[in-house]
Amino acid sequence: MTSTMDCTTAVECMRAFMEGELAESDKGALLAHVKACPECKADFEARREVFQALNTAYNDLSISENFDDSANSRLKNIREVDTASQQAVKHAAASVEAEDEDEAMLAGAVSPGWFSSVSGLPWWGVSVALHVLIIALAGLISMAIALPQSETPNITVTELMQRPEIKEDLKKLESDNRNVLETKHDTPPTDPMSKEMSTVVVPPELLAKAELGDHFETINPDRPDTQSAFGNPEAMMFHSEKGSDDAAGGGGNEGSMLDDMIGVGGAASPGSGGGWGGGKGTGTGVGEGSGRGSFGNRNGGGRRLMVQRHGGSKATEGAVDKALEWLARHQEADGHWDCIKYEGKAGDVRCEGMNGDAAVTGFAVLAFLGAGHTTKVGKYKDNVQRGVYWLMQKLDEGEKAGFGPGRWCKNHGSNYTQGVAALALAEACGMSPRDQELKSHAQRAIDGVVYGQITTGGSEYQAWDYDPKGHTNDTSVTGWNIMALKAGKIAGLKIDHFAFEGALHWINAGQDLTNAPKAGDAEYWEGGKMAYRGTLAAPNKGNGGEAMFAAAALTRLMVGGERPDSPGVAGPCNLMKKAEHLPNKWPGNLYYWYYGTLCMFQKGGDHWKAWNEPMKQILPEKQRKDGDFDGSWDVFYDYNGGHIYGGRVMSTALGALCLEVYYRYQKLNNN
Amino acid sequence: MPTTAMMVEALVGMRKEPGGIGPDYFWQLVDRFRADLVNQALVLLDSKQDAEDIAQETLCKAFLQLHQLKDPSKLGAWLRQINKCNALNLRRRRQREKEQRLSTGQVESIQAPRTSDTAQQRVRDQILKAVDSLPEPYRDVVVLRYLEKLSTDEVAIRLGVPSGTVRGQLTRADELLARKLHLLQKKEEQPR
């Protein structure tokens with residue numbers, strides 16, 4: 001972007017400016033333009049007033065936390081009581097068809113009798129009603145286990161009452177009790193060889209609790225407010241408004257953009273509570289406080305649901321548990337993971353010293369984060385904390401966003417490390433957004449990612465080379481760096497959006513889209529191979545292997561916001577769906593599998609099915625189960641152009657990340 | 001998040017195959033429309049509590065009466081229509097209650113209802129009203145952005161459109177709002 005700006009661009013930038021999202025370079029240009037152009041000045045002032053007015057007007061008008069609870073219980077009430085209001089709906093329907101508003105307004109819509117009976121209920125009344133209902137439902141839920149999720153049966157009252165989270169939170173409570181308290185509930189991971197589908201099952205001990213209602217002594221005997229849910233309206237655990245981040249019932253309804261929450265991952269929107277019992281619990285500790293937002297499904301109920309919905313199994317979840325155990329066992333005392341010690345490729349600059357250690361530490365931290373363990377929450381929070389703090393310590397001060405002469409890794413290949421480590425910090429930050437120290441470090445790491453990007457003369461970005469500010473775009477390196485930027489964006493860090501476009505420049509140059517059909521017709525087109533390395537002038541179109549086209553398609557999806565049926569995405573996905581590219585043989589190229597898994601997951605449908613079926617079998621099957629290797633995956637140096645130079649730590653982390661795909665990110669498009 | 005088009009499609013599917021719509025659909029309705037409905041009710045009612053009550057009621061009733069909607073593509077309009085009826089009814093009822101209280105000599109409750117007395121509240125009412133009168137895509141992005149307090153990217157995910165589209169629509173919505181609030185009188189259309 002140059003220093004002059006035309007009126008159209010200026011108008012487009014104004015909102016970003018007011019939201020504080022505009023890049024520094026554009027701010028100056030915008031302000032200069034506004035100063036010079038009286039029309040835009042008037043426009044700008046008007047917009048600013050609107051912006052402020054909107055913010056003020058809606059400031060204390062967030063939708064209530066218990067909106068969904070109430071809607072839920074109300075739905076049941078209507079089913080039972082309502083007859084009269086059907087009339088009103090009929091009238092409304094008729095008038096919409098007739099496009100006549102006034103008639104419908106006169107028609108009368110509410111039958112006052114039942115309305116007052118519902119709205120007159122105090123909040124705990126609703127809670128009690130739901131509570132009783134859940135007890136009654138518990139039996140039905142367990143009966144419903146046999147039903148496959150995809151077959152949605154007819155509408156009935158009982159099923160309506162089961163908002164997915166309710167079932168999930170039962171599981172969440174169970175798993176969190178287990179994780180945090182490590183009481184006798186601590187059960188070993190489920191049989192890794194099981195091919196059985198994961199289904200939502202209500203554990204008997206929870207059923208017993210639900211019946212007793214106010215006997216939660218096992219949860220925290222020192223905190224009376226966590227003990228009673230049913231008879232004690234002060235039980236913060238179940239009625240959290242504004243909990244502490246570190247205590248039961250954390251999260252709550254007053255968060256800023258992201259909430260830290262116990263047991264439910266982060267919530268990227270304010271107003272959704274969380275907590276062991278679900279922040280907006282209902283008296284049995286099975287509230288609806290499932291995590292929302294980009295990282296919200298990483299544990300607790302959301303995770304169970306996602307595993308089930310997207311085709312995971314007990315075996316995949318068991319394998320993730322085992323892998324995390326292995327990683328936790330092999331962390332160094334100071335918090336980092338060692339690359340060379342565990343079969344990393346000695347003598348390779350990407351693996352030796354800081355370069356390799358920071359990278360594999362990033363991978364390991366990502367594996368924990370992906371399963372919902374953050375610096376504050378979860379069974380492995382100490383491990384995550386130590387890993388993240390180690391990365392933060394190693395991040396240097398300096399003019400260029402901490403990556404001047406003392407850049408993390410000065411050597412060849414350091415952009416790999418930068419991307420992975422920055423991705424880990426950015427995700428950690430996104431999941432613990434109130435940690436200002438972490439945030440400032442993540443911001444600097446992300447700035448370092450942008451700093452390392454190739455620029456052509458001016459401020460026009462390209463992708464990334466092995467070395468900071470190199471010359472040859474490298475698709476593989478680019479994948480990690482762009483994921484870091486994306487995670488930073490989700491975490492609310494400041495990122496020049498042209499940095500994203502730089503990556504797309506390279507993908508557009510390097511991907512071979514000759515003879516590609518136009519968007520929408522590409523559903524069956526196989527093609528779109530991607531270059532491995534090249535410049536914009538000589539991109540070596542399409543000469544890269546399977547990891548490259550997977551990375552290209554993923555970048556398009558995550559950064560370009562392209563639809564999954566555009567040729568640049570559908571082409572590679574169709575290639576990956578072919579038998580020779582599926583994750584069906586071992587030793588497998590886990591590096592490719594990681595890209596491929598994320599990409600095919602986003603693509604969804606038959607593609608995901610074709611990919612997921614072999615993957616979810618082979619990974620648990622090939623996970624080592626002997627001695628010190630228990631829980632890890634073996635390292636293969638050379639396989640079809642793929643190298644796991646980072647050793648066992650990297651291969652194990654990648655394996656875990658593959659199997660965490662079901663809940664790690666949201667699906668970008670609903671397809 | 002399913003897009004509106006997908007929800008409509010699901011409705012059409014239900015027509016062909018009665019009972020083919022699942023309970024998940026209710027939550028889709030809630031996620032997609034609750035902000036819009038609450039905003040609409042807020043314009044007519046004095047309290048947020050009431051507005052939310054009304055929106056819940058609308059969603060519940062509508063869900064149970066989905067088969068009565070003749071043209072699924074008018075799902076949004078239909079919901080708004082029901083919502084408006086419900087809100088107006090409650091408004092009348094509140095008015096009556098107030099009159100009764102006054103006539104029987106009861107003092108106004110300590111928790112005074114939100115009225116348009118102060119300048120600030122007048123401005124707020126104007127804004128809510130202006131937002132409610134925006135054309136559909138703009139209204140949607142604004143209520144999701146401000147009432148649901150979603151970020152731009154989250155709004156995009158919720159609506160199933162690219163973030164860029166949301167940004168553009170918000171920019172346009174600002175302009176329309178500025179006009180409605182008489183903050184802006186200038187050339188009719190921004191070059192786009």
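The model is predicted, so local features are given only at pLDDT of at least 70 and side-chain atom pairs only at pLDDT 80 or more, while totals for chains, interfaces and linings use all residues. Residues are numbered from 1 along each chain as its sequence is written, and chains are lettered from A and ligands numbered from 1 in the order in which they are written. Chain A contains 25 helices and two strands, whereas chain B has eight helices and zero strands; here helices (H or I, at least four residues) and strands (E, at least two) are DSSP runs numbered from the N terminus.

**Overall composition**

- Of the 671 residues in chain A, 57% are buried, a residue being buried if 20 or more other C-beta atoms lie within 10 Å of its own, exposed if 12 or fewer, and partly exposed in between, with C-beta atoms placed from the backbone.
- In chain B, which has 192 residues, 45% count as buried, and the order of elements along the sequence is α-α-α-α-α-α-α-α.
- Among contacts in chain A between residues at least 6 apart in sequence, 67% join residues at least 24 apart, where two residues are in contact if their C-beta atoms, placed from the backbone, lie within 7 Å.
- For chain B, residues 24 or more positions apart account for 63% of the contacts with a separation of 6 or more.

**Helix α3 of chain A and its surroundings**

- Helix α3(A), residues 38-57, has 20 residues and reaches 28 Å from its first C-alpha to its last, close to the 28 Å expected at 1.5 Å a residue; the expected span is 1.5 Å times one less than the number of residues.
- The buried residues of this helix are Cys40(A), Asp43(A), Phe44(A), Ala46(A), Arg47(A), Val50(A), Leu54(A) and Ala57(A).
- These buried residues pack against elements of both chains, namely α1 (7-18) and α2 (24-36) of chain A together with α5 (119-132), α6 (136-146) and α8 (163-180) of chain B.

**Two helix pairs**

- Two packed helices are described by the angle between their axes and the distance between the axes; axes are lines fitted to C-alpha atoms, for helices over the stretch in contact, and angles run from 0 to 180 degrees between N-to-C directions.
- The axes of α16(A), residues 414-431, and α17(A), residues 436-451, come within 9 Å and cross at roughly 150°.
- The pair α16(A) and α17(A) is therefore roughly antiparallel, given that angles under 35 degrees count as roughly parallel, over 145 as roughly antiparallel, 65 to 115 as roughly perpendicular and the rest as oblique.
- The residues in the contact of α16(A) with α17(A) divide into eleven nonpolar, four polar and one charged; Ala, Val, Leu, Ile, Met, Phe, Trp, Tyr, Cys and Pro count as nonpolar, Asp, Glu, Lys and Arg as charged, and the others, Gly among them, as polar.
- In chain B, the axes of α7(B) and α8(B) come within 8 Å and cross at roughly 110°, which makes α7(B) roughly perpendicular to α8(B).
- The helix α7(B) passes α8(B) in a right-handed crossing, and in their contact Thr152(B), Asp153(B), Val155(B) and Ala156(B) of α7(B) meet Ser163(B), Val166(B), Arg167(B) and Leu170(B) of α8(B).
- By class, the contact of α7(B) with α8(B) has four nonpolar, two polar and two charged residues.

**Backbone geometry in loops**

- Most residues other than glycine have a negative phi, and most peptide bonds are trans.
- The peptide bond from Trp586(A) to Pro587(A) is cis, with omega near 5°, and Pro587(A) lies in the loop between α21 (567-576) and α22 (590-603) of chain A.
- Asn515(A) has a positive phi near 65° and is found in the loop between α19 (497-510) and β2 (533-534) of chain A; Asn515(A) is exposed, with 8 other C-beta atoms within 10 Å.
- Lys149(B) has a positive phi near 55° and lies in the loop between α6 and α7 (152-159) of chain B, yet Lys149(B) counts as buried, with 21 C-beta neighbours inside 10 Å.

**Residue pairs in chain A**

- Arg304(A), in helix α12 (residues 300-309), is buried with 29 other C-beta atoms within 10 Å.
- Arg304(A) and Glu317(A) are 13 residues apart in sequence and 9.5 Å apart in space, C-alpha to C-alpha.
- Lys625(A), in the loop between α23 (605-622) and α24 (647-659), counts as partly exposed, with 13 C-beta neighbours inside 10 Å.
- The C-alpha atoms of Lys625(A) and Lys322(A) are separated by 9.1 Å, although the two residues are 303 residues apart along the chain.

Conventions:
A crossing is left-handed if the near helix is turned anticlockwise from the far one by less than a right angle, and right-handed if clockwise.
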